[in-house]
Amino acid sequence: MTFPLPKPQTPQLPQHLLRTIDCEQGPVRAVRFNVDGQYLLTCGADKSLKLWSGSRGTLLKTYTGHGYEVLDADGSFDNSNICTGSSDKTVILWDVATGQVARKLRGHAAKVNCVQFNEEATVILSGSLDGTVRCWDTRSRNKEPIQILDEARDSVSSLKVSKHELLTGSVDGRVRRYDLRMGQLHVDFLNSPITCVCFSQDGQCTLSSSLDSTVRLLDKSTGEMLGEYTGHKMKGYKLECCLSSKDTHVLSCSEDGNVYFWDLVEGCLSLKLPVSKAVVQSLSFHPTQTRLLTASESRVHVWSAEPEEPEQNDDDADSAIPT
């Protein structure tokens with residue numbers, strides 16, 4: 001006789017608050033895990049970028065050099081560099097260990113909403129209120145961008161890079177996917193200003209949030225609508241969405257102070273996580289673990305699927321600045 005297969009376990013969600021970090025840099029505009037989730041980056045309205053230990057929540061370094069608030073940040077694959085975009089219209093490449101400005105890149109005509117390294121950290125891509133995406137060579141001494149993408153008819157609010165593909169979201173209501181290797185552009189019109197875009201982990205889908213309080217999952221190759229997720233409030237703020245590390249759930253910030261989790265396949269609401277009485281501005285899901293960062297006002301919350309175990313006395317590997 002054959003025994004029935006065990007039912008697949010329901011994926012756990014990060015609903016246990018591990019710690020709250022008061023970043024002391026004014027409202028936190030964006031919070032990011034680094035590439036392996038050992039470190040946290042917070043972008044402040046006080047013009048600073050801060051680097052934190054992921055396990056302890058301790059401040060490791062503060063980076064200052066922007067003239068206005070910092071709006072986005074990304075860490076390189078080897079943790080040696082960070083790039084940031086700011087309301088001062090510049091992109092800065094930072095040396096992580098020294099805290100020094102390695103390069104300040106000027107060329108955007110308005111604030112820089114979003115930045116990301118390519119996989120090898122040889123190029124920084126930046127999206128701006130001026131409607132362009134600029135590509136900067138991090139190794140060249142030439143201060144001019146190597147490419148400018150100007151197809152957007154309004155502010156570029158979000159961008160993501162995956163291998164040879166670039167995904168952008170714009171206030172003009174369009175999600176654009178550039179195949180940089182083939183020189184092709186694919187456009188999906190969603191009829192509402194886009195606030196955030198991302199690729200699914202398997203690379204088959206794109207996720208986008210917009211100001212009609214809807215998150216949409218599209219088939220990347222055909223543009224077919226695979227899912228619509230609603231219930232949260234996103235009417236006037238540039239809020240973020242993401243997928244869990246295993247593509248099981250869709251997550252979104254909300255103006256009502258919650259983070260919403262939907263089952264990706266079923267489309268039903270799995271969890272409404274109360275974070276704050278204020279708007280939840282930014283979130284970041286750990287690349288491999290069931291951990292979540294949320295930013296609201298000046299605080300960052302670290303969430304996990306399990307309550308934290310008692311601390312060991314050993315020094316953590318991430319309690320020092322990466323070198």
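# A walk through an all-strand chain

Let us begin with charges: a search of the whole structure finds nine salt bridges, a salt bridge being a side-chain nitrogen of Lys or Arg within 4 Å of a carboxyl oxygen of Asp or Glu. Side chains of opposite charge can pair when their charged atoms come close. Before we look at some of them, note that this is a predicted model, in which local features need pLDDT of at least 70, side-chain atom pairs count only at pLDDT 80 or more, and totals for chains, interfaces and linings use all residues. Residues are numbered from 1 along each chain as its sequence is written, and side-chain values use heavy atoms, with hydrogens and water left out.

Now step back to the whole chain. The protein chain has zero helices and 28 strands; here helices (H or I, at least four residues) and strands (E, at least two) are DSSP runs, numbered from the N terminus. Along its principal axes, the C-alpha trace spans about 70 × 50 × 45 Å.

How much of the chain is buried? Of the 323 residues, 54% count as buried, where buried means under 20% relative accessible area, exposed over 50%, and partly exposed in between (1.4 Å probe, protein chains only). The chain exposes about 14900 Å², and carbon and sulfur atoms supply 47% of that area; accessible areas come from the Shrake-Rupley method with a 1.4 Å probe, and for residues only the protein chains shown count as cover. Among contacts between residues at least 6 apart in sequence, 45% join residues at least 24 apart, a contact meaning heavy atoms within 4.5 Å.

Back to the salt bridges. In one of them, the side chains of aspartate 72 and arginine 32 meet at 3.0 Å, N to O. This pair links distant parts of the chain, with aspartate 72 in strand β6 (residues 70-75) and arginine 32 in strand β2 (residues 28-33), 40 residues apart. Both aspartate 72 and arginine 32 are buried. A network of salt bridges links Arg32, Asp72 and Glu240.

Another salt bridge joins the side chains of lysine 220 and glutamate 165, at 2.7 Å from N to O. Here too distant parts of the chain are linked: lysine 220 sits in the loop between β20 (214-219) and β21 (225-230), while glutamate 165 belongs to strand β15 (residues 165-170), 55 residues apart. Lysine 220 and glutamate 165 are both buried. Aspartate 172 and arginine 176 also form a salt bridge, with their closest N and O atoms 2.9 Å apart, and both of these residues are buried.

Next, follow the strands into a sheet. An open sheet of four strands has the order β22-β23-β24-β25, with antiparallel pairing; two strands pair if DSSP finds at least two bridges between them. Its edge strands are β22 (241-243) and β25, each pairing on one side only. On average, neighbouring strands of this sheet are turned by 20 degrees against each other, direction ignored; the axes are lines fitted to C-alpha atoms, for helices over the stretch in contact, and angles run from 0 to 180 degrees between N-to-C directions.

Why is strand β24 (residues 258-263) largely enclosed by the rest of the structure? It is enclosed because five of its six residues are buried. Strand β24 pairs with strand β23 (residues 249-252) in the antiparallel sense over four bridges, and serine 252 has tyrosine 260 of β24 as its bridge partner. The hairpin of β23 and β24 has five residues between the strands, and glycine 257 takes a positive phi near 90 degrees there.

On to strand β25 (residues 269-274), which runs antiparallel to β24 and is joined to it by five bridges. Phenylalanine 261 stands opposite leucine 271 in β25, and valine 259 has leucine 273 of β25 as its bridge partner. The hairpin of β24 and β25 has five residues between the strands, with glycine 267 at a positive phi near 80 degrees.

Our last stop is strand β26 (residues 282-285). In a regular strand the side chains alternate between the two faces of the sheet. From β26, Ser282 and Ser284 point one way and Leu283 and Phe285 the other way, and all are buried. Four bridges join β26 to the antiparallel strand β27 (residues 291-296), and serine 284 stands opposite leucine 293 in β27. Together β26 and β27 form a hairpin with five residues between them.
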